[in-house]
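Subject: The structure I promised you

Hi,

Here is the structure for you to look through.

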Amino acid sequence: MVGIIRLGETVHDKGFVVDRSRGHPCYLFLLLNTPGKFYVDGSWQETPAGTVVVFQPGQKHLYGYTGKDNPGGTYADCWIHIESDLPLFHKVNFPFGKPIKTRNAAEYRELFRLILREYFGTCLLYTSPSP
């Protein structure tokens, strides 16, 4: 079974860095809304807005803000924590933890926002008592 544990769209201040040596016990999908930086294969890699990164369960996360090409001085992304009984992607070929360039980030962002509205709309439907 595949399920969304939690998701959000977050903005962080200058100096923001995530350093989780053991990652999360679930998959983490990130879509960058601003430029950022990711520690990949032993060095920092600058990543433009619109980049996607997927971490597998237990994989180290080291990423955050970059001042380069980011006039707002913030780091922002869309994120989803996903649990799955089976691997989501073929582990041999999928670039877990590595930036993936997208052709049209706006379409991914809109899809994410649709999922976000559905998820929180459904949660509210089930948690709010009926009048």
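Before we get to the sheets, one term: two strands pair if DSSP finds at least two bridges between them. Helices (H or I, at least four residues) and strands (E, at least two) are DSSP runs, and they are numbered from the N terminus. This is a predicted model, where local features need pLDDT of at least 70 and side-chain atom pairs count only at pLDDT 80 or more, while totals for chains, interfaces and linings use all residues. Residues are numbered from 1 along each chain as its sequence is written, and side-chain values use heavy atoms, with hydrogens and water left out.

Now the overview. The chain has eight strands and one helix.

β1 and β8 run antiparallel and are joined by eleven bridges. To find the pairing on your screen, look for Gly3, which stands opposite Glu83 in β8.

Arg6 is in β1, and Arg6 is partly exposed because its relative accessible area is 39%. The C-alpha atoms of Arg6 and Tyr119 are 8.7 Å apart, although 113 residues separate the two along the chain. His81 sits in β8. Is His81 buried or exposed? His81 counts as buried because its relative accessibility is 7%. The His81 side chain also makes a polar contact, at 3.5 Å, with the side chain of His24. (A polar contact is a pair of N or O atoms within 3.5 Å; within protein, one must be able to donate a hydrogen and the other to accept it, and residues adjacent in sequence count only if both atoms are side-chain atoms.)

**Another sheet**

Another open sheet of four strands has the order β2-β7-β4-β5, again with antiparallel pairing. Its edge strands are β2 (17-20) and β5 (43-47), each pairing on one side only. Here the twist averages 20 degrees from one strand to the next.

Four bridges join β2 to β7 (residues 61-64), and Val17 has Gly64 as its bridge partner in β7. β4 and β5 are joined by five bridges and form a hairpin with two residues between them. Val40 stands opposite Ser43 in β5, and Asp41, in the turn, has a positive phi of about 50 degrees.

Tyr65 counts as buried because its relative accessibility is 11%.

**The largest pocket**

The largest pocket holds about 250 Å³ of space. (On a 1 Å grid over the protein atoms alone, a pocket is an open set of points where a 1.4 Å probe fits, with protein on both sides within 12 Å along at least five of seven lines; lining residues have an atom within 4 Å of a point. Grid points are joined across faces, edges and corners, and a volume is the space filled by probe spheres set on the points.)

Of the 14 lining residues, Phe29, Ile80, Ile82, Leu111 and Ile115 are the closest to the centre of the largest pocket. Which element gives the most to this lining? That is α1, with four residues. The lining has 14 nonpolar residues, no polar ones and no charged ones (Ala, Val, Leu, Ile, Met, Phe, Trp, Tyr, Cys and Pro count as nonpolar, Asp, Glu, Lys and Arg as charged, and the others, Gly among them, as polar).

Enjoy exploring!

Key: Axes are lines fitted to C-alpha atoms, for helices over the stretch in contact, and angles run from 0 to 180 degrees between N-to-C directions. Buried means under 20% relative accessible area, exposed over 50%, partly exposed in between (1.4 Å probe, protein chains only).
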